[in-house]
Amino acid sequence: MNVRLSQSTVRGTAQAPPSKSYTHRAILAAGYADGALVHDPLVSADTKATMRAVTAYGGSVGLRDDESVLDVAGFGGQPETPGDVIDCANSGTTMRLVTATAALQDGLTVLTGDDSLRSRPQGPLLDAIEDDLGGRAESTRSNGQAPLVVGGGVTGGDVSIPGDVSSQYITALLMAGAVTDEGIDVYLETELKSAPYVDITLEVLDAFGVEAEQTADGFTVSGGQHYEPVDGEYHVPGDFSSISYLLAAGVLAAEDELTITSAYPSAQGDTAIVDVVDRMGGDVDWNQDDGVITARRSDLTGVEVSVADTPDLLPTIATLGAVADGTTRIVDCEHVRYKETDRVSAMAEELTAMGASVDEAQDTLTIHGSASDLQGATVDGRADHRIIMSLAIAGLVADGETTVEGAEHVDVSFPNFFDVLYDLGATVDR
Ligand SMILES: O=C(O)C1=C[C@@H](OP(=O)(O)O)[C@@H](O)[C@H](O)C1
Ligand SMILES: C=C(OP(=O)(O)O)C(=O)O
């Protein structure tokens, strides 16, 4: 699906979609439990992959008609051997988290995904399971990528793992480690990137009555624990990665002001987008008690931003930088190359196609911005939801028409993104 956008303004109120990261964890935690009601879940292509995995391990997931609640029956910490391959589709979170689940049972699980997911790094997690925990974890092509074959009935132990490839390996080991006999101690061999995502994990584990904590050199979870959420329920907060596109639309294109609801504080590192926009000179106000962000159109100035903790914000900040006056330097971004696509290159190339001046280095993206340089163009969304949404926001400001190719992939995290933009008054032809 191609979506065409033209320079236009937005106004009114948009509700943030529910958090993808919290939804994945809540579904899997409910799977490790006897079950749970997950309120306000994100129902998207990625979270459906985690629902499939929980079902494959012997649980079940029912969705209320209005999509407001997932009724998850769990497998009680003892996953069954799946009767079929688990298709994780485009979801790195599903593949990593479920690989550790697979290691818990004696039988084998086969995990695969789409072209993008089958090119992403899984090697450090496979090595941790096989070399450190004594399980079986193989890449069928011996290249550290899916398809994967995992099993072996691990009972816990000590794991050494790099921290600068994906924090999802640590999340996976902590979630599975709680139901092993011995627990798992994770030692980080390199500095942890995307650290707030492990904080999200600790928050969800706590809500499910599971204890895990940070240590001087990593994380630890003791074994023999039972997942059991308070009152059998869990509530998912709004998603700040998704909010970043709405907030960018507000400061770049609001006619008067744009209001975003369901924006309550949580462990999400991506709440940093509010501060980034503020530092760029954006007129933004966040009422944390009410969960409401208000943004007004503003003239932005380039800044330097580290995305070490917030990789998913890179595409949004790149778009903001292309419109801001002066230079925006996005640093500490090498790990953003291991996502659905290499997002550093993707944003460099596609914003350049729209007339921006961008320099790319391995760990830095530098954008010499100016709103007047941005021209509508046909851009490739790279089958990556965040590239698509960020380029669409650039299309609200660019002179002339912008066509974003492959726009249907927003179904991964923000399925009604283009409907929301349309309802806010943007000129969008879906
Ligand atoms: O655990 C999570 O929910 C996520 C962790 C991050 O990945 P990495 O830890 O691989 O950087 C992030 O980019 C991804 O969108 C979601
Ligand atoms: C990288 C992302 O997710 P995942 O790793 O789950 O594919 C994302 O949502 O930007």
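**View 1. The largest nonpolar core.** In the largest nonpolar core, which has 80 residues, L247, A249, L314 and L351 touch the most other members. Helix α7 (residues 240-253) gives the most to this core, namely ten residues. A nonpolar core is a set of buried Ala, Val, Leu, Ile, Met, Phe, Trp, Tyr and Cys residues joined through C-beta atoms within 7 Å. A residue is buried if 20 or more other C-beta atoms lie within 10 Å of its own, exposed if 12 or fewer, and partly exposed in between, with C-beta atoms placed from the backbone. Helices (H or I, at least four residues) and strands (E, at least two) are DSSP runs, numbered from the N terminus. Leaving out residues up to four places away in sequence, L247 touches I260, I273, V277, V284, I293 and A295; two residues are in contact if their C-beta atoms, placed from the backbone, lie within 7 Å. A second, separate core of 68 residues includes C88, A128, L133 and M175.

The model is predicted: local features need pLDDT of at least 70, side-chain atom pairs count only at pLDDT 80 or more, and totals for chains, interfaces and linings use all residues. Residues are numbered from 1 along each chain as its sequence is written, while chains are lettered from A and ligands numbered from 1 in the order in which they are written.

View 2. The protein chain is divided into domain 1 (3-17 + 238-429) and domain 2 (20-222), with bounds that come from an automatic or database domain assignment. The centres of the two domains, taken over C-alpha atoms, are 29 Å apart. Contacts join 17 residues of domain 1 to 19 residues of domain 2. On the side of domain 1 that touches domain 2 there are eight nonpolar, five polar and four charged residues. Here Ala, Val, Leu, Ile, Met, Phe, Trp, Tyr, Cys and Pro count as nonpolar, Asp, Glu, Lys and Arg as charged, and the others, Gly among them, as polar.

View 3. The residues around ligand 1 are S21, T93, S166, S167, Q168, T171, S194, Y197, P311, D312 and H335. A residue is near a molecule if its C-beta atom, placed from the backbone, lies within 6 Å of it. This shell divides into two nonpolar, eight polar and one charged. Both domain 1 and domain 2 give residues to the shell, so ligand 1 lies between them.

**View 4. The surroundings of ligand 2.** K20, D46, S91, G92, T93, D312, K339, E340, R386 and S413 surround ligand 2. By class, this shell has no nonpolar, four polar and six charged residues. Each of domain 1 and domain 2 supplies at least three residues to the shell.

View 5. UniProt lists D312 for "active site" in an unreviewed entry; UniProt positions are given in the numbering used here, feature names are shortened, and annotations may be inferred rather than shown by experiment. D312 is found in the loop between β18 (304-306) and α9. With 26 C-beta neighbours inside 10 Å, D312 counts as buried. Not counting residues up to four places away in sequence, D312 touches S241, D270 and R386.

**View 6. Helices α9 and α10.** Ten of the ten residues of helix α9 (residues 314-323) are buried, so α9 is largely enclosed by the rest of the structure. In helix α10 (residues 343-353), the buried residues include R343, V344, A346, M347, A348, E350 and L351. The buried residues of α10 pack against α9, β20 (357-361), β21 (364-369), β22 (378-380) and α11 (385-395). G355, which follows α10, has a positive phi, near 100 degrees.

**View 7. D384 between β22 and α11.** D384 is found in the loop between β22 and α11, and is buried, with 25 other C-beta atoms within 10 Å. Leaving aside neighbours within four places in sequence, D384 is in contact with E340, T341, R343, A346 and H409. D384 and A407 are 23 residues apart in sequence and 8.5 Å apart in space, C-alpha to C-alpha.

View 8. Most residues other than glycine have a negative phi, and most peptide bonds are trans. The peptide bond from A146 to P147 is cis, with omega near 5 degrees, and P147 lies in the loop between β8 (136-139) and β9 (148-151). A89, in the loop between β6 (86-87) and α3 (92-102), has a positive phi near 55 degrees. D231 has a positive phi near 60 degrees and lies in the loop between β13 (218-221) and β14 (233-235). A89 is partly exposed, with 18 other C-beta atoms within 10 Å, whereas D231 is exposed, with 8.
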